[in-house]
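Visitor: Could you take me on a close look at one part of this protein, the aromatic cluster and what surrounds it? I would like one connected account, please.

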Amino acid sequence: MGISGQPETLLNLPKTQKDQLPVIKRFSGGGTVIVDEQTLFITFILAKEDIDIPAFPEPILRWSADLYAKAWKIPGFTLRENDYAIGEKKCGGNAQYIKKDRWLHHTSFLWGYSEENMNYLLLPPKRPAYRRDRDHKEFLTPLKDHSPTCSSLIDQLKSELVKRFYIREFFLSEWEKKPHRQAAHLLDLTT
């Protein structure tokens, strides 16, 4: 859930509490996302000197949408308001954190999704106009309906990124963990 999200307006609280679904409030903005094994997360962390775009939400969104469209070549892939969509249906949502000349842009793409899991979410009070009042089933499209494999999407994105940046791959198993401030926290919905 985004930093300013209110559980009572975004979540089916009785179902969330009954099923003891953990709810994590992240440090960035953006909407509420169901996270499971079918979620594809992509995050960019950049400084102004890394890329020639203003560190403001709209230019970042346009840049990332262009990147995904060129990498994936999915017909109808576009930026619709603040979402990534294929035609009239959402396939990914994003959140950003911008501080001076640095920014983070992360996206939760739906490789697939469980219709049952979507019952944890309410229709948000603030929603894009193109959504209208459509429920999740009518509003969402999973990427698996538009690409043969998730790994092919990742490979295509890497190929596009190496055209734009110097890329160095690293493995989390080799990453030295260092202490950091706790920015995301688990919400207690029992009170």
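**The aromatic cluster**

Guide: Happy to! Ring pairs link F44, W63, Y68, W72, F77, Y84, W103, F109 and F165 into a cluster. Rings of Phe, Tyr and Trp (its six-membered ring) pair if their centres lie within 6.5 Å; planes under 30 degrees apart count as stacked, over 60 as edge-to-face and the rest as tilted. Please keep in mind that this is a predicted model, where local features need pLDDT of at least 70 and side-chain atom pairs count only at pLDDT 80 or more, while totals for chains, interfaces and linings use all residues. Residues are numbered from 1 along each chain as its sequence is written, and side-chain values use heavy atoms, with hydrogens and water left out.

A search of the whole structure finds 14 aromatic pairs. Take W63 and F165: their ring centres are 6.2 Å apart and their planes stand at 80 degrees, so this pair is edge-to-face. It links distant parts of the chain, with W63 in helix α3 and F165 in the loop between α5 and β7 (185–186), 102 residues apart. Helices (H or I, at least four residues) and strands (E, at least two) are DSSP runs, numbered from the N terminus. Both W63 and F165 are buried, meaning under 20% relative accessible area with a 1.4 Å probe and protein chains only (exposed is over 50%, partly exposed in between).

Y68 and F77 also pair edge-to-face, at 6.4 Å centre to centre with 70 degrees between the planes. Y68 counts as buried because its relative accessibility is 0%; F77, at 10%, counts as buried too.

Now for the surroundings. The largest nonpolar core has 28 residues, and W72 and F109 touch the most other members. Such a core is a set of buried Ala, Val, Leu, Ile, Met, Phe, Trp, Tyr and Cys residues joined through side-chain atoms within 4.5 Å. The elements giving two or more residues to this core are β2, α3, β4 (83–86), β6 (102–110) and α5. Its largest share, eight residues, comes from α3.

Contact here means heavy atoms within 4.5 Å.

Finally, helix α5 (residues 150–164) has S152, L153, L157, E160 and L161 buried. What covers these buried residues includes β2 (39–47) and α3 (57–72).

How values were computed. Expected span 1.5 Å × (residues − 1).
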